[in-house]
Amino acid sequence: MERITFQNKGNTVVGNLFKPEGFQQGTTYPAIVVTHPFGAVKEQVPTTYAKLLAAQGFITLVFDASYQGESGGEPHFSEFPSARVEDIRRAVDFLSTHPDVDEDRIGALGICAGGGYTVNVSQTEMRIKAVAGVSTFNLGSARRDGVGGTQSAEYRTDLLERSGKARTREAAGGEVEMFSLIADNPKFDMNDLSTIPMMYQEGYRYYSEIDPNPRFMGTFALSSLSQQMAFFPFEGLELISPRPLLLIAGTEADTLYMSQDAIERAKEPKELYLIDGASHIDLYWKPDYVPQVAEKLTAFFAKHL
């Protein structure tokens, strides 16, 4: 593993580069950009898949998004879709100019919100030759309507007003207000888990117990929420074709409808591959499912890169 950095409009993005087993200097390899979920850091689920794919002959790159993890950007712990999309383009810049990478064999993999960012940037980033998402998450839709469409228009308007006021305070030199998707939602009751989407319940356990990291973004800058709502990652998905698109999701995921929506919008060649019995978060870590996902991803990228 090699620690690397690249620039995104004044922010230093910090990443890790994994090379294939038996790597030989002077040989060029296919490469894959791996983009992390909302709130995650590069050392968590992205590294799980980056290592598995590197073992199968790919150079893989994971990185912390701008404004998150070890990467630069203020206010820190902000989620700006425009920056996240540009992070992926800059990662492709890095790989395209790397002496060990075949610049004509670069693919992209995103997990959760990273999947949404990956399919979005791939619509217009022609250097990405094969596109894959695991538990792909439409961040814009989730912020506007809630997971499963459970968020009211009134609450959405309230959040947008609060986000605007938070921006005003920051512009005046005030403190950055942080926001929690669970604790700050009046509809969610920790004493009644049925009120909380399963992916949030399982995500809380994954990030706090199964694979904790001190740089995890448990809360985010409220000022960035309006930009999240303004993100429409699946518009233009047909532009990925004729490059191949693979989405992998669990049959029990409460976000499955997002992958189904994306596949319906896309043109051939495309595939929605279902992991029987798995939830959204199960595909991050569970030994029963991760090898299945990795095997499918390996076959997909081996065929198309």
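1. A charge counts as sitting over a ring if NZ of Lys or CZ of Arg is within 6 Å of the ring centre and within 35 degrees of the ring normal. Arg144 passes that test, lying over the face of Phe232 at 3.8 Å from the ring centre. Arg143 has its charged end over the ring of Phe38, 4.7 Å from the centre.

2. Some ground rules before going on. This is a predicted model, where local features need pLDDT of at least 70 and side-chain atom pairs count only at pLDDT 80 or more, while totals for chains, interfaces and linings use all residues. Residues are numbered from 1 along each chain as its sequence is written, and side-chain values use heavy atoms, with hydrogens and water left out.

3. Have a look at Ser224. You'll find Ser224 in the loop between strand S8 (220–221) and helix H7 (225–229); helices (H or I, at least four residues) and strands (E, at least two) are DSSP runs, numbered from the N terminus. Ser224 counts as buried because its relative accessibility is 0% (buried means under 20% relative accessible area, exposed over 50%, partly exposed in between, with a 1.4 Å probe and protein chains only).

4. The Ser224 side chain reaches the backbone oxygen of Ala221 at 2.7 Å and the backbone nitrogen of Glu79 at 3.3 Å. Both are listed as polar contacts (a pair of N or O atoms within 3.5 Å; within protein, one must be able to donate a hydrogen and the other to accept it, and residues adjacent in sequence count only if both atoms are side-chain atoms). Leaving aside residues up to four places away in sequence, Ser224 touches Ser78, Glu79, Phe80 and Ser163, with contact meaning heavy atoms within 4.5 Å.

5. On to charges: the whole structure has 22 salt bridges (a side-chain nitrogen of Lys or Arg within 4 Å of a carboxyl oxygen of Asp or Glu). One of them joins Arg3 and Glu70, with the closest N and O atoms 3.2 Å apart. That pair links distant parts of the chain, 67 residues apart: Arg3 is in strand S1 (residues 2–8), Glu70 in the loop between strand S4 (59–63) and helix H2 (81–96). Glu70 is partly exposed, at 31% relative accessible area.

6. Lys296 and Glu271 also form a salt bridge, their closest N and O atoms being 3.0 Å apart. Lys296 is in helix H10 (residues 290–304) and Glu271 in strand S10 (residues 270–275), so this pair ties together parts 25 residues apart in sequence. Glu271 is partly exposed, at 32% relative accessibility. As for networks, salt bridges with shared partners join Arg3, Lys42, Glu43, Asp64, Glu70 and Arg215 into one.

7. Arg205 and Glu209 meet in a salt bridge at 3.6 Å, N to O. They are separated by about one helical turn, because they sit four residues apart in helix H6 (residues 198–210). Arg205 is partly exposed at 41% relative accessibility, whereas Glu209 is exposed at 54%.

8. Last, the rings. There are 13 aromatic pairs in the whole structure (rings of Phe, Tyr and Trp, its six-membered ring, with centres within 6.5 Å; planes under 30 degrees apart count as stacked, over 60 as edge-to-face and the rest as tilted). Phe188 and Tyr200 are edge-to-face, because their planes are at 65°, with centres 6.2 Å apart. Phe188 is buried at 16% relative accessibility, and Tyr200 is buried at 12%. Tyr207 and Phe216 are stacked, because their planes are at 15°, with centres 4.4 Å apart. Tyr206, Tyr207, Phe216 and Tyr284 form one aromatic cluster.
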